[in-house]
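The sequence and structure come before the details.

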Amino acid sequence: MQLIDIGANLTHDSFDHDRDAVLQRARDAGIAQMIVTGASREHSPRALALAQAHPGLLFATAGVHPHHASEYTAECDAELRALHVHPEVVAVGECGLDYFRDFSPRPAQRRAFELQLQIDVDLAINGVGKPPAPKPLFLHQRDAHVDFMGLMKEFDGKLGPVVVHCFTGARAELFDYLDQDWHIGITGWLCDERRGLHLRELVKHIPANRLMIETDAPYLLPRTVRPQPSHRRNEPMYLAHIVEELARDRGEDVSVTAANTVATARAFFRLPALG
C-alpha cells in the first residue's frame, strides 16, 4: 500500500537530530512521496532545499502562514516569487487566515493572504506553471470562514486548484468548499475523540477525487496510535494509521481509500508517478 503525505513540516527543528531516520521510517511505512510544507519566510527556502536533496521523494510548498503574516514585506514577496521558479515547489502556501490564534493582526493576515493569491495568478501570467497555469494552492483557515471565502471570491476563476489543508471545520464549511470544487486535507485530528468526532461523519461526504491525507507532522499525533510515543512528536509514518481510520469512517476497504488519495494527490500536485 502506497501513500502520499500532502503536508509535513519536515523543516521543524524537532527533526534536526533524526530527519534521515524519519524519512526512512516513512518509506518503510509505505509513504511514497511527501510534500514539505513551507509556512514562513525562514522555512519555505528550507523546504525547497530539503526537496532538492531528496528528488522524487520530497516536494515543497512555499508560503507564509497567517501566524507569520506580520513578516510579509515586499522583500518577503520577492523571495517567495523566486522560490516558485523551482520545479520542486509544487504549491503556493501554506497561506490563509487564522482568527483562532490571531498571532498576527487580522488586517496583516488578510493582506498577506491576498498577496500570495496574487502570486498564484502571476505564476500563470509569467508561464511558471506546468503547463503555464496557476499552481495549486495549499490553504489554511481557522475561525475565519467568512473573510476567507470573501477573499477567495475576489480571485474567482484566476486561481489554480485549491486544497483546504488540515480541515477541522463544520459541515457548512465543508460543503462551501466542495461547492467550489476545492480539495480537502484530512489529518490525525480525525482521531481525536475530544475535538474530531464530527469529522468521522463528515468525511463520508467528501468525493474520492477531492480527498487527500496528511500528517501535519510534527503536530497532531493521532491520539488513537498505540503505543503512544513518549516524545509525542508526529511523523509521516503515522499516515498509515490515519488512512486506516479514514477508510473505516468512509466504509471503504483501506486499499481503496489509499489508492484514491494517492491518485488525487498525484493529480493535484502534478507529481511524477513512481517507477
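## Strand pairing

Strands S3 and S4 (residues 89-98) run parallel and are joined by 3 bridges. Strands here are DSSP runs of E of at least two residues, and helices are runs of H or I of at least four, numbered from the N terminus. Two strands count as paired if DSSP finds at least two bridges between them. Ala 62 has Val 92 in S4 as its bridge partner.

S3 also pairs in the parallel sense with strand S2 (residues 31-36), over 3 bridges. Here Met 34 is bridged to Leu 58 of S3.

## Basis of the model

The model is predicted: local features need pLDDT of at least 70, side-chain atom pairs count only at pLDDT 80 or more, and totals for chains, interfaces and linings use all residues. Residues are numbered from 1 along each chain as its sequence is written, and side-chain values use heavy atoms, with hydrogens and water left out.

## Nonpolar cores

A nonpolar core is a set of buried Ala, Val, Leu, Ile, Met, Phe, Trp, Tyr and Cys residues joined through side-chain atoms within 4.5 Å. The largest has 68 residues, of which Leu 10, Leu 58, Phe 113, Phe 148 and Met 152 touch the most other members. Helix H4 (residues 106-125) gives the most to this core, with 6 residues. A second, separate core of 14 residues includes Phe 59 and Met 212.

Notes: Buried < 20%, exposed > 50% of the residue type's maximum accessible area, 1.4 Å probe, protein only.
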